[in-house]
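Keep the sequence and the model open while you read.

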Amino acid sequence: MPEPDRPLPHRPGAVSLFFVAKAGVFAAGFWIWLLGLVAGGGAATGPHLLAATGATTTTLVGVVLGVRMALQHNAAQRHAEVKRLLVDISWNAFAAAGNADSPGKIVPFPSAPEGERTYRNGDRRR
C-alpha cells in the first residue's frame with residue numbers, strides 16, 4: 001500500500017539561504033580584493049586592513065548563518081517527525097478503542113488491582 005500523501009513539513013531557509021549566499025558573495029569579493037592587494041606588493045596600508053577585516057568578518061558571518069540555517073532545517077524535520085508520530089499514536093489509540101475487551105476504556109493497559117495501587121509517596125488512597 002503506498003504511503004498517503006502528506007503535506008510537506010515547513011522547511012525554513014529561503015530567506016536564510018539568501019543571506020548565506022549574500023555573505024558568501026561579499027566574502028569572495030573581499031578575498032579577491034585582498035588577494036589583488038597582496039599580489040600588487042608594497043607595504044600593508046589601510047585598504048589591506050579593510051580588505052582583510054571584511055574578508056574574515058563576512059566569512060565568519062556566512063559560516064554562522066549557514067550553521068543556523070542547517071539547525072533550523074534539522075529542527076523542522078524533527079518537528080515534522082514528532083507530529084507524524086503523534087498522529088500515528090492517536091490513530092492507533094483510536095483503532096484500539098474499537099478492539100477493547102471492556103466498554104468504557106479507550107486503550108486497555110495492564111494495571112495493578114485497585115487494592116494494590118501505590119502512589120508517589122507509597123501511601124494507599126482510600
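Asp 88 is partly exposed, at 25% relative accessibility. This residue forms a salt bridge with Arg 84. The model is predicted, so side-chain atom pairs count here only at pLDDT 80 or more.

- In the bridge between Arg 84 and Asp 88, the closest N and O atoms are 2.8 Å apart.
- Both of these residues lie in helix H2. They are 4 residues apart, about one turn of the helix.
- Salt bridges with shared partners join Glu 81, Arg 84 and Asp 88 into one network.
- Arg 84 also bridges to Glu 81, with 2.6 Å between the closest N and O atoms.
- Helix H2 covers residues 46-98. Arg 84 and Glu 81 are separated by about one helical turn because they sit 3 residues apart in this helix.

**Exposure of the charged residues**

- How exposed is Arg 84? Its relative accessible area is 29%, which makes Arg 84 partly exposed.
- Glu 81 is partly exposed too, with a relative accessible area of 35%.
- Asp 88, at 25%, falls in the partly exposed class, because buried means under 20% and exposed means over 50%.

**Aromatic pairs**

- How many aromatic pairs does the structure hold? There are 2.
- Phe 18 and Phe 19 form an edge-to-face pair. Their ring centres are 5.2 Å apart, and the planes stand at 70 degrees.
- The angle of 70 degrees counts as edge-to-face because the cut-off for that class is over 60.
- Phe 18 is partly exposed, at 48% relative accessibility. Phe 19 is partly exposed, at 40%.
- Phe 30 and Trp 33 form a tilted pair. The distance is 6.2 Å centre to centre, with 40 degrees between the planes.
- That pair is tilted, with its 40 degrees, because planes under 30 degrees apart count as stacked and those over 60 as edge-to-face.

**Setting of the tilted pair**

- Where do Phe 30 and Trp 33 lie? Both are in helix H1, which runs over residues 14-39.
- Phe 30 and Trp 33 are 3 residues apart in helix H1, so about one helical turn separates them.
- Phe 30 has 22% relative accessibility and counts as partly exposed.
- Trp 33 has 35% and also counts as partly exposed.

Conventions. Residues are numbered from 1 along each chain as its sequence is written. Side-chain values use heavy atoms; hydrogens and water are left out. A salt bridge is a side-chain nitrogen of Lys or Arg within 4 Å of a carboxyl oxygen of Asp or Glu. Helices (H or I, at least four residues) and strands (E, at least two) are DSSP runs, numbered from the N terminus. Buried means under 20% relative accessible area, exposed over 50%, partly exposed in between (1.4 Å probe, protein chains only). Rings of Phe, Tyr and Trp (its six-membered ring) pair if their centres lie within 6.5 Å; planes under 30 degrees apart count as stacked, over 60 as edge-to-face and the rest as tilted.
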